[in-house]
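Here's a quick briefing to read alongside the model. Have the sequence and the 3D view open before you start.

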Amino acid sequence: MQNNNTLTLETPNLTDITSDSFTQAYRQFIAKGDFIALTRQFEQGFIQTGAENQLSFNVKQAKVSLLDTGVLLIEPENVEPELVKKNSATPSKSIIISSGIHGNETAPIEIVQQLISDIIAQKIQVKHRTLLIMGNPVSMNIAKRFQTENLNRLFCGKHQEIDPCFEKYRAEKLEGYVSDFFNGDASDGDVINYHYDLHTAIRNSKYEKFAIYPYQAGKPWNKEQLSFMASCGVNTILFGHGPSGTFSYFSSANFAAHAFTIELGKVRPFGENDMANFTAMTNNLSALVSDEEITLKSFDNNDFNLFEALGDITKVSDKFELYVADEASNFTNYPVGTLLSTDKNQEYRTTLPGESIVFPNANVGNGQRAVLMVVPTTLQ
Ligand SMILES: O=C(O)CCC(=O)N[C@@H](CCC(=O)O)C(=O)O
Ligand SMILES: [Zn+2]
């Protein structure tokens, strides 16, 4: 799939890369590495003419290419893929780290920023193909979860079902970049794909950091990946219950990527995140892309809070009522038989011991998830 401007959607207001404003901002980015500034300045994207990407430069043995606003590709250079494989115990990897799919979730954006500035300052030498993403620049600029539609419901082609808006356009573009990236490894051998999609949550959570492991359709949950999550400071895992329109599910289902949606705490405005709280995550992602060894503890149920998703409470109509306190945290559990919601002709009562809420939100559109219901579980 090629990413050019032949989309059938209404295209947004794209900046010409030959304009003075773009040229100046791009030079500044190369000099200073401030990807948030560049992404926010050209929030809708820009036009590149010609077949070749013209927005590439080199850093320590890697080529950096700006594919679109908020989309940066890093490809190791001068290292024969075969040599990497012969000299290293690890196979070749293609790694996506995404942030800002919800524009007000700023800590993940600042983590990706940190990785990019360290790459440009040559503090990190990237040894695996890596795609770094700030997903929704328009909603970053208005400090909202999204402008018109929730981008994290539009992947796996679900963007085709909605009216034109920035998120529809962006979902199609991001799907294209991800597909090109995972299809684009030039080495002949085995490649392992990864996609870590970083988020923060609207509410407080009983377990501050947690990850959603997308539904695997019968494939086993990968315990080494769970150990990797734990080493990133994320030891609460929620196993997905079915196909969805999330970004991580898209990569998992279509490219067999080890993929997670990772919640790193609570939503805060730019500049108000305690970045020290994300050191383990940032260091591990940095080690992953630079092929440094990461020591993992072998999987043990006792090290984790594991939850199985039971399903969604979906808001069906404007009559929807949610009986969850505004201050209730994610993973609050309720006694069996508790009435949690009512809607046109239906209600939801808990039926299982330990049944808990995640992401309760009555302010979603009809047809959208208002709560994710989970129960504790363990792995065999
Ligand atoms: O705190 C909230 O209510 C939402 C936080 C968030 O953006 N979570 C993701 C989870 C994706 C998934 O369920 O796999 C989302 O809702 O998109
Ligand atoms: Zn989010």
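Helix α4 is largely enclosed by the rest of the structure, because 11 of its 15 residues are buried (20 or more other C-beta atoms within 10 Å of a residue's own; 12 or fewer is exposed, in between is partly exposed, with C-beta atoms placed from the backbone). Keep in mind that this is a predicted model, where local features need pLDDT of at least 70, side-chain atom pairs count only at pLDDT 80 or more, and totals for chains, interfaces and linings use all residues. Residues are numbered from 1 along each chain as its sequence is written, while chains are lettered from A and ligands numbered from 1 in the order in which they are written.

**Helix α4**
- α4 covers residues 106-120 and spans 21 Å from first C-alpha to last, close to the expected 21 Å (1.5 Å times one less than the number of residues).
- Helices here are DSSP runs of H or I with at least four residues, strands are runs of E with at least two, and both are numbered from the N terminus.
- Among the buried residues of α4 are Ile109, Val112, Leu115, Ile116 and Ile119.
- Just past α4, glutamine 122 has a positive phi of about 65°.

**The nonpolar core**
- The largest nonpolar core has 83 residues, and Leu72, Leu115, Ala211 and Ile237 touch the most other members (a core is a set of buried Ala, Val, Leu, Ile, Met, Phe, Trp, Tyr and Cys residues joined through C-beta atoms within 7 Å).
- α4 is the top contributor to this core, with 8 residues.
- Domain 1 (15-297) and domain 2 (304-377) both supply residues, so this core lies between them.
- Leaving aside residues up to four places away in sequence, alanine 211 touches Met229, Val234, Ile237, Phe260, Thr261, Ile262 and Glu263.

**Where the domains meet**
- The bounds of the two domains come from an automatic or database domain assignment.
- The C-alpha centres of domain 1 and domain 2 sit 29 Å apart.
- 17 residues of domain 1 are in contact with 16 of domain 2 (C-beta atoms, placed from the backbone, within 7 Å).
- On the domain 1 side, α7 (223-231) and β10 (236-239) are the elements that give two or more residues.
- β10 gives the most to that side, with 4 residues.

**Serine 21**
- Serine 21 lies in helix α1 (residues 20-32).
- Serine 21 counts as exposed because it has 11 C-beta neighbours inside 10 Å.
- Serine 21 and asparagine 301 are 280 residues apart in sequence and 54 Å apart in space, C-alpha to C-alpha.

Technical notes. Contact = placed C-beta atoms within 7 Å.
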